[in-house]
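Subject: Structure handover

Dear colleague,

Please find the structure below, with the sequence. My notes on what was found in it follow.

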Amino acid sequence: MAFKYNRLNKDDVALLMVDQQSGLLSLVWAFSPDDFKNNVLALADIAKFFDIPTILVTGAMTSKVLAASWPSTCPIMPT
């Protein structure tokens, strides 16, 4: 039996963003820190545009710590 591909539906998805902290930017080797940061912010903007539920998980447990760590995420992610 052949596999039938079903397109993703925005009502059936969620975005999970794990450990988006400024200190981890330097550990990414495939992109420059600025490119990586811009890609993450673009992905968050796309999720916001399509009203996709987004879960931001980070070691910075409070929004104030996250805001100090990576202030550019604050306009995108609710506090």
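Helices (H or I, at least four residues) and strands (E, at least two) are DSSP runs, numbered from the N terminus. Asp 51, for example, sits in the loop between H1 and S2.

Before the rest, some background. This is a predicted model, in which local features need pLDDT of at least 70 and side-chain atom pairs count only at pLDDT 80 or more, while totals for chains, interfaces and linings use all residues. Residues are numbered from 1 along each chain as its sequence is written, and side-chain values use heavy atoms, with hydrogens and water left out.

Overall layout

The protein chain has two helices and two strands, in the order β-α-β-α from the N terminus on. Of its 79 residues, 20% count as buried. Buried means under 20% relative accessible area, exposed over 50%, and partly exposed in between (1.4 Å probe, protein chains only). The protein chain exposes about 6,200 Å², and carbon and sulfur atoms supply 63% of that area. Accessible areas come from the Shrake-Rupley method with a 1.4 Å probe; for residues, only the protein chains shown count as cover. Among contacts (heavy atoms within 4.5 Å) with a separation of 6 or more, residues 24 or more positions apart account for 73%.

Strands

S1 and S2 run parallel and are joined by four bridges; two strands pair if DSSP finds at least two bridges between them. Met 17 has Leu 56 in S2 as its bridge partner.

Core

In soluble globular proteins, nonpolar side chains tend to be buried together. A nonpolar core here is a set of buried Ala, Val, Leu, Ile, Met, Phe, Trp, Tyr and Cys residues joined through side-chain atoms within 4.5 Å. The largest one has six residues: Leu 15, Met 17, Val 40, Ala 44, Ala 47 and Ile 52. S1 and helix H1 (33-49) each supply at least two of its residues, and the largest share, three residues, comes from H1. Val 40 is found in helix H1 and counts as buried because its relative accessibility is 9%. The C-alpha atoms of Val 40 and Met 17 are separated by 8.5 Å, although the two are 23 residues apart along the chain. Leaving aside residues up to four places away in sequence, Ile 52 touches Lys 10, Val 13, Ala 14, Leu 15 and Ala 47.

Surface

Leu 16, Val 18, Ile 55 and Val 57 make a nonpolar surface patch of about 350 Å². Patches are made of residues with over 30% relative accessible area and no salt bridge: like charges are joined within 9 Å, nonpolar side chains (Val, Leu, Ile, Met, Phe, Trp, Tyr) within 5 Å. Strand S1 (15-18) and strand S2 (54-57) each supply at least two residues of the patch. Ile 55 lies in S2 and, at 47% relative accessibility, counts as partly exposed.

The structure holds one salt bridge, meaning a side-chain nitrogen of Lys or Arg within 4 Å of a carboxyl oxygen of Asp or Glu. It joins the side chains of Asp 11 and Lys 10 (4.0 Å, N to O). Asp 11 counts as exposed at 62% relative accessibility, and Lys 10 as partly exposed at 41%.

One backbone angle

Most residues other than glycine have a negative phi. Phi of Asp 51 is near 55°, a positive value in a residue other than glycine. Asp 51 counts as exposed, at 62% relative accessibility.

Regards
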